[in-house]
Amino acid sequence: MRMRRWKRSIPWKNSILWKNSIPTKSIPGNRILAGIGLLSLVLAAVLCNVPRAQAALRVDMEERGALALRLPADDDSAGMAMDMARIKGSDGTADGELDVHAWKLADMLETGKYRLSEEFGNLSVTEDGWQEMSVSEDGWKNLSAAAMALIYELDEEGNPVGEPRIPATYESAVHVGQDGSIVEPEAFADMDLGLYLIVVDEAKSPKYTYTFTPMIVSLPWSLYQYDGTADDTWQYTREAVLKPAQELRYGSIRITKELTEYNASQGDATFVFDVVARESADEDAEIVYSNVVSLTFSAVGIQEVVLEHIPAEAVVTVTEVYSGANCQITVSDDESKSVITDGEDGGPITFSFENEYDEDSKSGYGVENRFRYDTEQNTYQWTTDRQDIGGTVAESEAGAER
């Protein structure tokens, strides 16, 4: 396990007056003042209006804290945890690596109360303001959001942008094993006692992107903090369950067509391809993508078309369903292939086809039909790739179910 403990000295404190300001390189001053005031009100409401502050026993200030991280163990999360084992680490190896950061928001006092760390003094919560930590789930979320706004610049959706403005107190890496569990018995050990914000970086497997909800963790902790009638013994080691969210990644495919012979007197040659992507290689698996595309030639040569936003690892089959009125297939790449996520090695996958002129020529042409579902009209809008053929509107049989 790789773990680094930050020194107590704060290299930036001589250049920034933390009692009155936070780094402001990219945030206007009026927004900073308004933000600090809002965060102070949020924390005061969350942390000052709760009934219990600490267990009856004194905190042993000679003790050190330790934190173990776990993944959800319910059946619905099992597949997600197994897929996390394929996350690539910093060296490019698929070892399920997750980068974890811990910021100490407050020191733990012998009485069990909290005192804000120097780096987070802008939250303006005094020692007397810290009461019990038996707050609601919304309260923890508000506290986490307030701290994240100080540490990171956030986008419109509240996601971190760029590097943290306040370096983490501790940093570590844990790994998800093939069985879907975190290998390391502890993510952090030998920690100062206090209240921590735990953040796990975004991570990507070949198929999914994973994000994790930031957590607030107290070291030490006691059951008394959550139930005033429970045991008030302080526990200096604890386990926290991560809260991951999973988002599907996408990839592209390329279809290439080479026309080796051509008879100009027969006019343009159009080739039509049917593209179907299924969730797996099972022929009965759910279809997750379907399309029809065409390529039109007026001379010998090579053309290609790239189809985007196809679910990663979907199994794709491309079939040339129309080879022109006066051409025949000489090479057909109709073997199924798995979609590789955009940006990964080996992508996009390519399907190659080759045609030549057929002396037994016939007249005719190909048409590419395009269908776009109109949610307002509850219909499919149909268009073609030929200007001489008009489009129409087809009523959606599935519309009533949408």
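Student: What is the relative accessible area of Asp192?

Tutor: The model is predicted: local features need pLDDT of at least 70, side-chain atom pairs count only at pLDDT 80 or more, and totals for chains, interfaces and linings use all residues. Residues are numbered from 1 along each chain as its sequence is written, and side-chain values use heavy atoms, leaving out hydrogens and water. A residue is called buried under 20% relative accessible area, exposed over 50% and partly exposed in between (1.4 Å probe, protein chains only). Asp192 is buried, its value being 7%.

Student: With which side chain does Asp192 meet in a salt bridge?

Tutor: A salt bridge requires a side-chain nitrogen of Lys or Arg within 4 Å of a carboxyl oxygen of Asp or Glu. For Asp192 the N to O distance is 2.7 Å, and the partner is Arg64.

Student: How many residues apart in sequence are the parts that Asp192 and Arg64 tie together?

Tutor: Helices (H or I, at least four residues) and strands (E, at least two) are DSSP runs, numbered from the N terminus. Asp192 belongs to the loop between β8 (188–191) and β9, whereas Arg64 belongs to the loop between α1 (29–48) and β2 (65–70). The pair therefore ties together parts whose separation in sequence, in residues, is 128.

Student: Is Asp333, which forms a salt bridge with Lys337, buried or exposed?

Tutor: The closest N and O atoms of Asp333 and Lys337 are 2.9 Å apart. Lys337 is partly exposed at 22% relative accessibility. Asp333 has a relative accessible area of 17%, so it counts as buried.

Student: What is the angle between the planes of Trp103 and Tyr152?

Tutor: Rings of Phe, Tyr and Trp (its six-membered ring) pair if their centres lie within 6.5 Å; planes under 30 degrees apart count as stacked, over 60 as edge-to-face and the rest as tilted. Trp103 and Tyr152 lie 5.9 Å centre to centre. Their pair is edge-to-face, with an angle of 75 degrees.

Student: In which strand does Tyr196 lie?

Tutor: Tyr196 forms a tilted aromatic pair with Tyr170, at 6.0 Å centre to centre and 50 degrees between the planes. Because Tyr170 lies in β7 (residues 170–175) and Tyr196 in another element, the pair ties together parts 26 residues apart in sequence. The strand of Tyr196 is β9.
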